[in-house]
Amino acid sequence: MLSFSDSAAAEELAGRAHDLMEEVVIPAERELDPGMTVSDGTIRELREAAREYGVYAPQIDEEYGGMGYDFRDTLPTFEEAGRSLLGAMAMRVDAPDEGNMHLLELHGSELQKEQYLEPLVKGEIASGFSMTEPMQGGGSDPKMLQTTAEKDGDDWVINGHKWWTSKGIQADVLLVFARTDQEAHPYEGCSVFLVPKEADGVEIVRNIPHVGSDVHGVGHAEIKYNDVRVPEEHLLGEEGKGFAHVQERLGPARLTHCMRFSGMAERALDITKAYMHERDGFGSSMADKQAPRFEIAEQETRLAAARSLVRQAADQISAGKEAREAVSMSKVFTANVTQEAVDTALQFLGGNGIAKDLPVADFYEDIRQFRIVDGADEVHKRTIAREAFADVDESELQQVTRFGE
């Protein structure tokens, strides 16, 4: 087993999370009928167990109901949580609430923290992140944002059209990204607002049918905002600083996604190795055949590399750096590595892979999203390439032969 540069506090926290997963969460997952969505009652029971095991909301300051761990020290616990589709919900490290809580913790007013952050941490309410828009609006290029918020007296009036608002159906409050200065560049003219879902003018159009497991019951909504009024105190953070605030949310959130999906891939491989050990075919155990063994070795190696890369990016964030290149590298590499690992697991499991008696089919449905959500592969490659070509050393070509010289 490889050892990473995790602190003693991180390892101890992850150890308790591992115990919770093995003793409570995974057994609860196995009790679910195939294809069924977990009940609210079961989620409440799992969260109570997470509190008892000392792993509930470790990433949030104690004053708001969390455990106050450093971001870097929570990463191994996020990985443990990812080993079951129920784990992140149990430990209150589930998206999008985890990222939204982080944003509220960073930039919320005391009133906003009391009204929204503390109930979110307790699991009393849910939140949605309403940023992505349909075609002609902001998506992979968020500068194309069309949703607006205009000041009218002491209110902001929001008009726009969003989709892929994670948890939009279940949410009690929506974090809405909108343009507040039409004349300014979007990087300087956008803001974030806290919008209660029950506010007049919030139209939940639909829960978008999509590739993804139904076990955890988290949907992605299409929402229209029609002259939605919110008071001035519902502006989250500073006016015009929305892009900067969202980037502070997205960087860590991308890494926590990486760790959750790394845990998922690791569990998928564990299930597959157990199956290969028992399954005989063509005269010997699958686990004794060279091709499957080498394929598992390849997936284990790439997964270890991804986990190491994520930790390096997290070290930069913990040191106060933006770490955009490191985060993009981590996100695009981990998304592909984990998808390949789960796909390999499903292939070797055969009929047991595509059946839903085991969780790998649900993992497979969930994992494909990750190459698109939180920035498509191509967007992150663009960021990496920009840095790669930012400082080209022309002296490296001094000795090249050129035409006519």
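Start by selecting Glu22 and Arg83: they form a salt bridge (a side-chain nitrogen of Lys or Arg within 4 Å of a carboxyl oxygen of Asp or Glu), and their closest N and O atoms are 2.6 Å apart. Glu22 sits in helix H1 (residues 8-31) and Arg83 in the loop between helix H3 (71-81) and helix H4 (87-91), so the bridge ties together parts that are 61 residues apart in sequence. Helices (H or I, at least four residues) and strands (E, at least two) are DSSP runs, numbered from the N terminus.

A word on what you have open: this is a predicted model, where local features need pLDDT of at least 70 and side-chain atom pairs count only at pLDDT 80 or more, while totals for chains, interfaces and linings use all residues. Residues are numbered from 1 along each chain as its sequence is written, and side-chain values use heavy atoms, with hydrogens and water left out.

Now colour by accessibility, where buried means under 20% relative accessible area, exposed over 50%, and partly exposed in between (1.4 Å probe, protein chains only). Glu22 is partly exposed at 36%, whereas Arg83 counts as buried at 7%.

Next, pick Glu79 and Arg311, whose side chains meet in a salt bridge at 3.9 Å, N to O. Glu79 belongs to helix H3 and Arg311 to helix H8 (residues 290-318), 232 residues apart. Both Glu79 and Arg311 are buried.

Move on to Met91. Which residues have the most contacts inside the largest nonpolar core? They are Met91, Phe177, Leu255 and Val360, in a core of 84 residues. Such a core is a set of buried Ala, Val, Leu, Ile, Met, Phe, Trp, Tyr and Cys residues joined through side-chain atoms within 4.5 Å. Helix H7 (residues 242-278) gives the largest share of this core, 13 residues. Apart from it lies another core, of 17 residues, including Ala149, Ala178, Ile223 and Leu235.

Finish at strand E1 (residues 127-130), where Ser127 and Phe129 on one side and Gly128 and Ser130 on the other are all buried. Show strand E4 (residues 173-179) too: E1 and E4 pair in the parallel sense over four bridges, and pairing requires that DSSP finds at least two bridges between the strands. Zoom in on Phe129 to see it opposite Leu175 in E4.
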